[in-house]
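Colleague: I'm new to this one. Can you put it up and take my questions as they come?

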Amino acid sequence: MRTRTLAGWLIGGLCLLGLGATASSVSAAPAGIEVLQQDDLDIITFRDGKVVKGEILEETATTIRVKIVSYGIEAITTYDKADILAIKRGDRSQKEETRDEPTDDEPAQTPTRGSERRARSSGETAHRVYHIRLDGRFGKEITQTPLREALEDAARNDADYIIIEIENEWKANALEDLPDDAAAFDELFRAEAMHPLLDPTSELGQIYAGKEPPTVVFWVKRAMGGAAFLPLICPNIYFHETGKLGGIGNLGDLFGSMGDEVVRDKQRSLRMGHAKGVAIKGGYAPELVEALADRRKVYSYRVRGGKVEYRNDWPDVSQGWILLTDDGEGENADTIQQLARSEGNDTLTLDAKLAQTLQVSKGTANTLDALLFALGLSRNSTLVEGQSERIMDRWEEGLANAERRLRDLWREYNEIQVQGRDARERNAARGRQIRKLQDMIRLLRRYEEAINPRQLGIPGEPDLRIIIERIKLEMMRDR
Amino acid sequence: MFTRLCRRLGALAMGLAIVGGLALGTPDAWAGDKIYLKDGTVVEGEIKQELDGYVWVLTKIGGVETEVIYKPDQIDRIERDADQQAPPAEETPKARSTPGSEPASKPRRDHVVRAAVLSLGDHRAGKDMVGVYMTADSLRRAIPLLEKELGSDGSGILVLRISSGGGMLLEIQKLSDVIEYELKPRFRVVGWIDSAISAAAMTAHAIEELYFTSDGHYGACTGWFGQLNAVKGRDLEEVLYMMEKISARGGYDPKIMRSMQINEPLSCSIDEFGNVTWYQTEDGGEFLVNPGDEILTFTSDQAEKFKFSKGTADTIDELARAMGVPEVEWVGEYVQGIPYPVCEAEKMMRQFRDQVAEDEARTREYFDRYNTSIAAAQSTPREERGKFVNRARQALRLIERMVANNPNFSLLVFNRTYEEFQEWVREQERLLRDLMR
């Protein structure tokens with residue numbers, strides 16, 4: 001790891017030298033309006049009306065470095081963002097986002113999609129990085145309320161980068177991990193409730209009201225089942241070297257042989273519509289989701305011109321195609337040996353290497369420092385001392401306490417004996433019953449998104465309300 | 001440096017003057033915006049972008065398009081869409097007016113289009129079922145509020161933000177009729193597709209102008225019931241025919257919807273002018289859109305590529321740009337958690353859905369309270385019945401309120417028509433009166 005980091009710095013240093021040499025060769029600022037015709041150049045419009053076309057090389061919170069070619073001569077100039085009215089990014093900027101992934105020795109490109117870096121307070125140049133760790137059960141500990149609170153804390157702390165480290169629990173029971181080929185596609189709908197929080201055009205933008213929304217970066221250690229749909233809505237994904245993303249390969253098997261085939265097709269189609277939408281929003285190929293979700297589909301891929309191409313067919317090796325997933329039928333079915341080694345290909349599970357090859361992952365980082373380095377933030381960022389860990393812990397403890405308390409309250413309710421010499425005593429006991437049930441309703445509402453009453457063996461809110469009404473009626477009669 | 005700056009500013013000023021002069025000298029009346037500069041120059045062209053008072057104008061000089069930027073301190077005033085003011089109704093099919101209808105009650109800023117977002121369903125909140133949370137009745141109730149906010153002369157833009165996983169077949173025609181006969185004559189109706197599955201897509205299909213969010217999806221319209229049993233035979237034919245007619249309302253080739261309803265292949269070709277021709281075969285067109293053994297659901301990229309949608313937009317600003325409305329006044333105020341301004345009609349619609357959600361969760365409670373109170377009254381001496389009868393009456397009011405908020409509950413809960421439900425309520429009131437006699 002250390003060697004790689006040092007090598008990275010050396011390469012980085014060389015690049016800086018190279019750029020410096022170019023810059024020093026032409027000291028003059030660009031004159032007037034540049035009239036380069038290429039559509040893929042960035043266009044910078046200044047407040048004084050000047051328009052400059054060129055290639056944005058680097059951007060900080062306060063400055064922008066641009067390479068301009070004027071009459072065949074290259075010049076690199078740094079501009080103050082305060083003087084800039086608007087930046088229109090050329091096609092090249094978009095192409096670059098899907099450009100070849102960084103090697104282990106190269107820092108990855110700083111994520112650029114979605115927005116320019118926001119203007120920061122004068123004099124401050126360091127990026128503020130906020131770290132959120134999502135672990136535990138998807139839909140239980142990993143859920144929208146604590147995530148929202150953490151993001152609000154990030155906004156309060158003026159963080160302009162949010163790193164979300166995800167490592168969800170993927171277990172069959174307390175002792176046994178689930179294998180890669182286990183799947184929970186329909187947890188997609190649970191993930192959808194969290195998506196607006198990760199979307200700068202939706203709730204995340206509102207949390208950052210009045211500020212430039214932050215760049216969200218997912219750091220995948222384990223994103224299996226519904227958790228896979230969280231990073232996929234985000235354009236910036238990095239993997240830990242042991243990272244995995246998948247566990248949604250059961251779409252084709254969800255309905256077995258129930259009902260008519262055309263209705264099963266409809267059910268699959270609408271789910272795929274939802275899932276592909278997530279990928280498209282994140283900037284990933286919709287075909288990737290099909291390969292992840294449907295065991296029956298055969299997919300191949302190849303990398304052409306730095307871009308990944310998918311094909312819903314067996315690979316034509318002579319054309320550079322590589323098998324991604326097969327149909328899992330007959331002799332193509334994964335063997336137990338392959339499954340035990342996580343080498344199956346009936347459904348797709350992304351590991352760090354494949355994710356990077358498919359340009360889902362922008363790089364691999366095993367530590368937070370390495371991730372900051374990969375993001376180009378190692379020397380110009382501050383890790384914010386936020387409350388996210390406490391927020392997540394508090395939710396986890398609160399949830400565990402709530403589940404325990406709900407069982408206790410239900411037991412205590414059932415233990416209350418409605419007896420007494422007169423109506424006053426009996427109704428006092430009924431009053432205690434009602435209070436227990438009302439406490440249960442309060443807890444169920446607070447943890448509504450994470451608690452399924454049936455799993456706890458207790459009635460849900462509608463039934464609790466009916467019980468309360470019946471007790472009230474008994475109180476009316478017993479007077 | 002100073003000299004260079006002066007030279008640059010001089011060149012810019014000269015550029016502006018020349019452009020202005022040419023614009024005056026060659027009145028290429030190809031776009032309707034006029035920019036009156038403080039120096040007396042009038043520039044005609046198309047405003048492409050505005051920011052902080054700066055205006056990007058596309059003009060034609062000798063037939064060559066040129067984009068020029070004007071600073072705020074150069075501009076005296078702007079006349080927007082000068083050539084297109086007060087267009088005849090027949091030239092703007094989406095801006096139809098209702099004879100005799102009153103204009104907007106609110107004063108408007110000149111030349112600024114008003115727009116409002118009205119959500120139909122909220123799939124992320126689980127309040128999205130067509131017929132339950134997305135109903136013709138609630139949509140109709142929103143119209144007076146929308147008229148107050150947008151006017152009814154056809155100039156206001158009503159954006160129907162659709163977010164639903166589908167629902168009841170019987171509501172589709174009703175919703176489609178409200179859109180066609182009650183909304184379109186009053187507003188420019190636009191669909192903004194977040195999630196339109198099954199009955200929701202079939203509802204949106206009456207709208208000519210659709211935009212998708214980037215994660216939006218639309219389709220999967222197969223009718224079914226029970227344990228994934230398909231609607232078949234004559235019932236299916238009737239639904240297919242209904243959607244052929246609704247496809248015509250929205251201006252869509254009926255083959256598209258057919259591939260969303262049943263296993264029918266779909267392909268298309270796009271000519272050099274961008275016209276799309278659809279084929280109900282896998283290989284008839286250049287692009288395979290849906291294999292014959294699948295059901296079609298469009299994603300945003302497909303919808304845009306095959307011209308089914310007019311564009312993709314995640315924010316109201318992007319939507320305004322996609323709609324080609326450079327200046328728009330969005331009606332309403334921002335509320336945390338909602339990515340667009342909430343107008344009065346939207347507020348009403350959200351209250352409607354919240355009430356439906358509460359009623360849906362408490363239906364059993366209402367009936368239990370009613371029935372147990374009646375039973376208690378019947379088993380109690382007449383002089384002590386009052387409290388139980390009152391309690392039953394309260395429960396009956398809750399049931400009535402539930403059905404008044406969503407008349408479809410009469411069918412869903414009582415398996416009765418709305419009129420039969422009202423008769424049932426009258427019977428119950430007679431029963432309660434009798435209990436007190």
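Colleague: Which residues in H2(B) meet which residues in H3(B)?

Modeller: Bear in mind that this is a predicted model. From H2(B) the residues are B:Ala136, B:Leu139, B:Arg140 and B:Ile143. They meet B:Glu171, B:Lys174, B:Leu175, B:Val178 and B:Glu182 in H3(B).

Colleague: Moving along chain B, how many residues does H10 have?

Modeller: H10(B) has 20 residues, 386–405. From its first C-alpha to its last, H10(B) reaches 28 Å, close to the 28 Å expected at 1.5 Å a residue.

Colleague: Which residues of H10(B) are buried?

Modeller: Among them are B:Phe388, B:Arg391, B:Ala395, B:Ile399, B:Met402 and B:Asn405.

Colleague: Take H12(B). At what angle does H10(B) pack with it?

Modeller: About 170°, with the axes of H10(B) and H12(B) 11 Å apart. An angle over 145 degrees counts as roughly antiparallel, which means H10(B) is roughly antiparallel to H12(B).

Colleague: What meets what there, H10(B) to H12(B)?

Modeller: On the H10(B) side there are B:Val389, B:Ala392, B:Arg393, B:Leu396, B:Glu400 and B:Val403. On the H12(B) side there are B:Phe421, B:Val425, B:Gln428, B:Leu432 and B:Leu435. By class, that contact has eight nonpolar residues, one polar and two charged.

Colleague: New topic. How many residues does the contact take from chain A and from chain B?

Modeller: Chain A gives 43 residues and chain B gives 48. In chain A, S5 (84–88), H5 (203–207), H6 (261–282) and H14 (461–477) each supply at least two residues of the side that touches chain B. H6(A) has the largest share of that side, 15 residues. The residues of the chain A side divide into 18 nonpolar, 11 polar and 14 charged.

Colleague: Last one: how many helices and strands are in chain A?

Modeller: Chain A has 14 helices and 14 strands. Of its 479 residues, 41% count as buried. Among contacts in chain A between residues at least 6 apart in sequence, 66% join residues at least 24 apart.

Note on methods. Residues numbered from 1 in each chain as written. Chains lettered and ligands numbered in written order. Predicted model: local features only at pLDDT ≥ 70, side-chain atom pairs only at ≥ 80, totals over all residues. Helix = DSSP H or I, 4+ residues; strand = E, 2+ residues; numbered from the N terminus. Expected span 1.5 Å × (residues − 1). Buried ≥ 20, exposed ≤ 12 C-beta atoms within 10 Å, placed from the backbone. Contact = placed C-beta atoms within 7 Å. Nonpolar A, V, L, I, M, F, W, Y, C, P; charged D, E, K, R; others polar. Axes fitted to C-alpha atoms, helices over the stretch in contact; angles between N-to-C directions. Parallel < 35°, antiparallel > 145°, perpendicular 65-115°, else oblique.
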